[in-house]
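Open the model in your viewer and keep the selection tool ready.

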Amino acid sequence: MSNRNEFTEAVLMIKDEMDTMRKQADKGNGIPFMQERLTSRQAASNRFKELGPDERRQIIERDGLEAVMKMIRNEGGTG
């Protein structure tokens with residue numbers, strides 16, 4: 001049996017934990033940076049109404065006018 005420095009052991013344990021966390025994160029459905037995910041269309045509609053003109057324009061450019069209008073009218077149930 002070999003002996004290792006306790007700090008080497010700690011670093012190797014952290015490395016293993018980071019590898020495990022990275023693999024789990026890759027499998028997940030993460031939210032992209034600078035975006036948010038709302039739980040209902042009503043919440044999305046309310047949030048959109050609170051945004052400034054530039055933020056609204058960015059969302060329209062990203063999702064399309066039809067999708068934004070559908071969200072604002074709260075069509076399609078929750079999701």
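**Stop one: a helix pair**

Select α2 and α3: their axes come within 8 Å and cross at roughly 130°. This is a predicted model. An angle over 145 degrees would count as roughly antiparallel, and 65 to 115 as roughly perpendicular. α2 and α3 are therefore oblique to each other.

Now show side chains at the contact. From α2, pick Phe48, Lys49 and Glu50. From α3, pick Arg56, Ile59 and Ile60. Colour this contact by class: three residues are nonpolar, three are charged and none is polar.

**Stop two: the largest pocket**

Which helix gives the largest share of the lining? Select α3, which supplies five residues. Colour the lining by class: 11 nonpolar, seven charged and four polar residues.

**Stop three: the whole chain**

Zoom out and switch to cartoon. The chain has four helices and zero strands, in the order α-α-α-α along the sequence. Show the C-alpha trace: along its principal axes it spans about 70 × 25 × 20 Å. The radius of gyration is 22 Å, whereas a compact globule of 79 residues would have one near 12 Å.

Note on methods
Residues are numbered from 1 along each chain as its sequence is written. This is a predicted model: local features need pLDDT of at least 70, side-chain atom pairs count only at pLDDT 80 or more; totals for chains, interfaces and linings use all residues. Side-chain values use heavy atoms; hydrogens and water are left out. Helices (H or I, at least four residues) and strands (E, at least two) are DSSP runs, numbered from the N terminus. Ala, Val, Leu, Ile, Met, Phe, Trp, Tyr, Cys and Pro count as nonpolar, Asp, Glu, Lys and Arg as charged, and the others, Gly among them, as polar. Axes are lines fitted to C-alpha atoms, for helices over the stretch in contact, and angles run from 0 to 180 degrees between N-to-C directions. Angles under 35 degrees count as roughly parallel, over 145 as roughly antiparallel, 65 to 115 as roughly perpendicular and the rest as oblique. Contact means heavy atoms within 4.5 Å. The radius of gyration is taken over C-alpha atoms; the globule rule is 2.2 Å times the number of residues to the power 0.38.
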